[in-house]
Amino acid sequence: MSLKYADLAALLEGEASGYELSKVFDVSLANFWPATPQQLYRELERLAQDGLVHARVVRQERRPNKRMFTLTEAGHRELGAFAVAPTRRPTALRDELMIKIQAMDGADPEATRALVEERMAWASGKLARYERVRERLLDGRTEEEYLRDADRIGPYLTLMGGIALETENLCWCERVLTVLTQRAPLG
């Protein structure tokens, strides 16, 4: 898959500038398809050239003009075809911390502990952001009401995946820290 489809999917939320799209990415898609703002802008330009998005310039006073992007009919068709195409096997997890944990025996356990605590802080921060997005999406409704009545449920379902992933990251980190504490030499 390319960034193309992630951009198109993010634009299902409606018209957005490249900056706004990068914020959408940050809280929804980045958990499973990370991209830098520069990558997003380049891809938006390609999508506009290919006729999959429409770009318009909004003139602003006291700020540079900005470009706003929307999906075209061709973009909707392309994304629809992608959404039902067979999925390739999932991407392999590439996580540097896992290699460090694999190699930790004989290393400084306090350094390992610090790495795991750093991961916990990162996961906690992402989880807090995801929970804020969840509350904003629900807007006072129960999850069941939202999933039954909302126009679009894809963003919520992927958000649930991100919440589950970060919750599991925290559980794993807590378990690693418990093991490190139990193995600490009595002193």
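What follows is a short chat about cysteines, a serine and the nonpolar cores.

Author: Quick ground rules: this is a predicted model, where local features need pLDDT of at least 70, side-chain atom pairs count only at pLDDT 80 or more, and totals for chains, interfaces and linings use all residues. Residues are numbered from 1 along each chain as its sequence is written, and side-chain values use heavy atoms, with hydrogens and water left out.

Reader: What makes C173 count as buried or exposed?
Author: Buried means under 20% relative accessible area, exposed over 50%, and partly exposed in between (1.4 Å probe, protein chains only). C173 has 0%, so it's buried. C171 has 41%, so that one is partly exposed.

Reader: And S22, buried or exposed?
Author: S22 comes in at 12%, so it counts as buried. Its contacts (heavy atoms within 4.5 Å) include P37 and L40, leaving out residues up to four places away in sequence.

Reader: What makes something a nonpolar core?
Author: It's a set of buried Ala, Val, Leu, Ile, Met, Phe, Trp, Tyr and Cys residues joined through side-chain atoms within 4.5 Å. The largest one here has 21 residues, and V116, L137, Y146 and L159 touch the most other members. A second, separate core has 18 residues, including A16 and L21.
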